[in-house]
Amino acid sequence: MNVRSQVSMVFHLDKCIGCHTCSVACKNVWTDRKGAEYMWWNNVETKPGTGYPTRWEDQEDYQGGWEVVDGQLRLKSTSKSKLVFNIFHNPHMPSMDDYYEPWTYDYETLFNAPAGDDQPTARPISQVTGELIQIESGPNWDDDLGGSRIYAANDPNLEGLTDTQREQLSSVERLVFFYLPRICNHCLNPSCVASCPSGAMYKRGEDGIVLVDQNRCRAWRSCVAACPYKQVYYNWFNGKAEKCILCYPRLETGQAPACFHSCVGRIRYLGVLLYDADRIEEVALKPDHELVEAHRSLILDPHDPEVIAAARASGVDSAVVEAAQRSPVYKFVKEWGVALPPHIEYRTLPMLFYVPALAGHLFSRGRRCADPRLGRAISRHRRVARARALPGELVRRRRGAASPLRLA
Amino acid sequence: MEDTSALYSDIVLPAATWYEKDDLNSTDLHSFIHPLQAAVPPCWESKSDWRIFQSIAKKFSELAAKHLPDPVEDVVATPLAHDTPAEMAQPTPSDWAHGEGEPIPGKTMPGFKVVVRDYKNLYNRFNSLGRNVRENGLGAHGTHYDCADFYDQALDQGPVEDWGGQRYPSLAVDKDACNLVLELATVTNGELAWRSYKDMEAKTGLQLAHLAENNRAHRVSFADIVAKPTRFVNSPMWSGLIESGRPYSPFTYNVEQGVPWRTLTGRQHFYLDHPGYIDFGEHLPTYKPKPPTKEYGDLRLSQSDGRTLMLNHLTPHGKWHIHSTYGDNQRMTTLSRGCEPLWINDRDAAELGVADNDWVEAHNDHGVVVTRAAVSARIPRGICLHYHSPERTYSVPKSPLRGNRRAGGHNSLTRIRLKPNLMIGGYGQFTYHFNYWGPTGTNRDTHIYVRKLDQVEW
């Protein structure tokens, strides 16, 4: 057992009101700079929707994350042989069109327009070129199901839906949506770190924060392609990769990250998890359907004397162990089993967990539930109901398959 | 301030923002009083609202010394006001203008008062807390209390103004004005709350002063609310009792202390037997269907030409701004769509040949809007949403239907319709009070024609 500690996160989606205060707090603190205008280290997406950058979950296209080939983990985006060919052009790299062209307005017009018989108005101009532009996309373009036929209907997560289920998306009485706030998942098996040819990316030992060494970054952008969550960005002005740093300067002075601190719905929980670093590769190699449980099994009980002893042996400070014992994240993820990793099939083992939104489930399924007992259960026991709302869980239960969740 | 109106103004008075001035802020949504603090001085030429009014008063007084040197008497008509006896002034409706009954000021018509305007001394008076507070006491919402001792204390301890042979507590500096407010208000001065309850005891014959007994030594200064959030204390100004950390809940004062509601019966009413309400069919809470579209009369002159759809036009609160404030902030325009789009249903849009983000022109007899369409299954058919309030200072093109002049904001399509039975007063039900209660405008409900715009002119 090789015990390490990580500052981990839970986002409770039923509490998110989609106000984007987190995004603005992050933007104001970290990415209000030239070359970073288009970056949103924290963003909030409407689901169903295609998100930012658009269709980031479509790994057929973007080739992010890991795959298992001949019993070995392999980056989908790159390898030693691919790297040479992709030096000048990586076909899976998101382009500005996939994000958006950041804009401001030609406000000078309001002051300088010559006298006339009509009111002047400021037109949008690109923050990259300074030229007049037509605004065709933005970092939150499909907010609240805006353009639902184009965006919500093309959410890569909906590919398995039946036509009837799809019809629901365009019927105002039956449609549902929820918000998905996102930051870097500070994964245990980060594909961005693995992909970096310069060794500029690393996962901090003491808290697991994934960082880019700005002095070593050589603008290969392999990390941008390799991250399946598209949480590493390229600064077009200074030629360096940048990403969410979990506000480590704030954490180190006892303050919550800016997005956590500003969260209006108080959906965000931060806490220490202890995990067994020796088992990471073994877990990341598991078949898809075992991944959620295997990932959870990496997380160690901070009250277990053996774990505490091993933590001490590997240099984890006793204060960190105490923090792990008080961690709300541990309760959500391990004790209650209601917070799940996003897209575990990418095999990066994310350390940001989500409590899935229940509201949509109640409206879309609970009301016309084929099994009245299930409907009753939903209203009777909120926690059980939430667990049943987890992706795939309803199907597993109907089939009588074993659930990876502890429903208590 | 709306930026758009500023473009049409001859003079713009730049008001300092929240963190550039000392001020007080409160609301009836919670029971705390907020300080606004000058963390930095106001930018460029901007000033606090207090300083702006003060500067105007100063210049005005200089000019008045020459043009209006002597006091002038003005007759002021005052409405029959909420929380005053006038609320029950006219239990049977009659209109003296139609020969029904007598015109009696304060009963069948507004009250009248002669006010002396001393324009030459306007600036001095702005800076001074007048003697009337000392002689007559203070009150609101039907309450009253004497505060002469606190007035005198302010004369002793605070900055003062001397003019016209008299000395007054000074309001010249923002923070001093804030402190006087806190010192003379019942919710921040427990002694005055106690006196106000005593006054209510005389009016109601009930025992009420115990509600403030423990707070009589309670005082709140500006420095106190800067140091930490401070709650109000019990006061008959409010109908909720909040002692010992109890959350505010309205009418607990009435329910628990037996204080009558200010209605004709002293009880809460569902039924209102006023003939005006009976004529309206609203003497009981009732459902009323939406009037037929043409009854709104907003499309009498407008032509539906070409591929046009008539939609119900709604202008709710937006997600990216508070009315007109902050919506044109670069963060907010980036997180929305760079303009305030018109949200329409996807099937309605298909009928119009409109795809998401296409330009549309929406118009009726009152005005025209040119913006982009946000096409969404979230919007029911037959309606459209245009969140208020977009500024015309950015992203608003010209309107072909209006001879290529700049298109308008959301309110260019709306108009105000006063609901007549909400103007009925004097019957112990709702009565007018400034910025508190008045007839609702129902201006957020009209109809428009929408069509696709293939090309936009700027």
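**Group meeting: two chains in a predicted model**

In chain A, strand β1 (residues 3-12) and strand β12 (residues 268-276) pair in the antiparallel sense over nine bridges. Before I go on, note that this is a predicted model. Within that pairing, Gln6(A) stands opposite Leu273(A), which is in β12(A).

These two strands belong to an open sheet of four strands in chain A, with the order β13-β12-β1-β14 and mixed pairing. Which strands stand at the edges? They are β13 (299-300) and β14 of chain A; each has a single partner strand, so one side of each is left without a neighbour in the sheet. As background, strands of a sheet pair through backbone hydrogen bonds, either parallel or antiparallel.

Leu273(A) comes up again when we turn to the nonpolar core. The largest one has 90 residues, and Leu273(A) is one of those that touch the most other members. Take Cys223(A) and leave out residues up to four places away in sequence: what does Cys223(A) touch? The list is Cys192(A), Ser195(A), Cys196(A), Met201(A), Val232(A) and Ala241(A).

A cis peptide bond joins Lys47(A) and Pro48(A), with omega at about 5°. Pro48(A) sits in the loop between β2 (43-47) and α2 (59-62) of chain A. The other detail is Arg347(A), a residue other than glycine with a positive phi, near 65°. You will find Arg347(A) in the loop between α14 (328-335) and β14 (352-355) of chain A. Is Arg347(A) buried or exposed? Arg347(A) is buried, because 24 other C-beta atoms lie within 10 Å, and the cut-off for buried is 20 or more.

Now the confidence of the prediction. Chain A averages a pLDDT of 88, and 85% of the residues score at least 70. Over residues 363-382 of chain A, however, the pLDDT is below 50, and this stretch has twelve contacts in the model beyond near neighbours in sequence. Residues 404-408 of chain A also stay under 50, and for them the model has nine contacts beyond four places in sequence. Where pLDDT is low, the predicted coordinates should not be read in detail.

On to chain B. Chain B has 13 helices and 15 strands, and its C-alpha trace spans about 75 × 60 × 50 Å along its principal axes. Of its 458 residues, 32% count as buried. Among contacts in chain B between residues at least 6 apart in sequence, 66% join residues at least 24 apart.

Helix α2 of chain B (residues 49-67) has 19 residues, so at 1.5 Å a residue it should span 27 Å; its end C-alpha atoms are 26 Å apart, which agrees. Within α2(B), Trp50(B), Gln54(B) and Ala64(B) are buried. The buried residues of α2(B) pack against α3 (122-126) and α6 (174-184) of chain B.

Chain B also has an open sheet of three strands, in the order β1-β2-β7, with antiparallel pairing. Here β1 (23-25) and β7 (230-231) of chain B stand at the edges with a single partner strand each, so one side of each has no neighbour in the sheet. Three bridges join β1(B) to β2 (residues 32-36) of chain B, and the bridge partner of Leu24(B) in β2(B) is Pro35(B).

Chain B has backbone details of its own. The peptide bond from His388(B) to Ser389(B) is cis, with omega near 0°, and Ser389(B) lies in the loop between β12 (383-385) and β13 (398-399) of chain B. Asn404(B) has a positive phi, near 55°, and lies in the loop between β13 and β14 of chain B. Asn404(B) counts as exposed, because it has 12 C-beta neighbours inside 10 Å, and the cut-off for exposed is 12 or fewer.

Last, where the chains meet. The contact takes 34 residues from chain A and 25 residues from chain B. On the side of chain B that touches chain A, the elements giving two or more residues are α12 (330-335), β11 (368-375) and β14 (405-406) of chain B. Which of them gives the most? That is α12(B), with four residues. By type, the residues on this side of chain B divide into nine nonpolar, eight polar and eight charged.

Key: Residues numbered from 1 in each chain as written. Chains lettered and ligands numbered in written order. Predicted model: local features only at pLDDT ≥ 70, side-chain atom pairs only at ≥ 80, totals over all residues. Core = buried A, V, L, I, M, F, W, Y, C linked by C-beta atoms within 7 Å. Contact = placed C-beta atoms within 7 Å. Nonpolar A, V, L, I, M, F, W, Y, C, P; charged D, E, K, R; others polar. Pairing = 2+ DSSP bridges. pLDDT = per-residue confidence, 0-100. Expected span 1.5 Å × (residues − 1).
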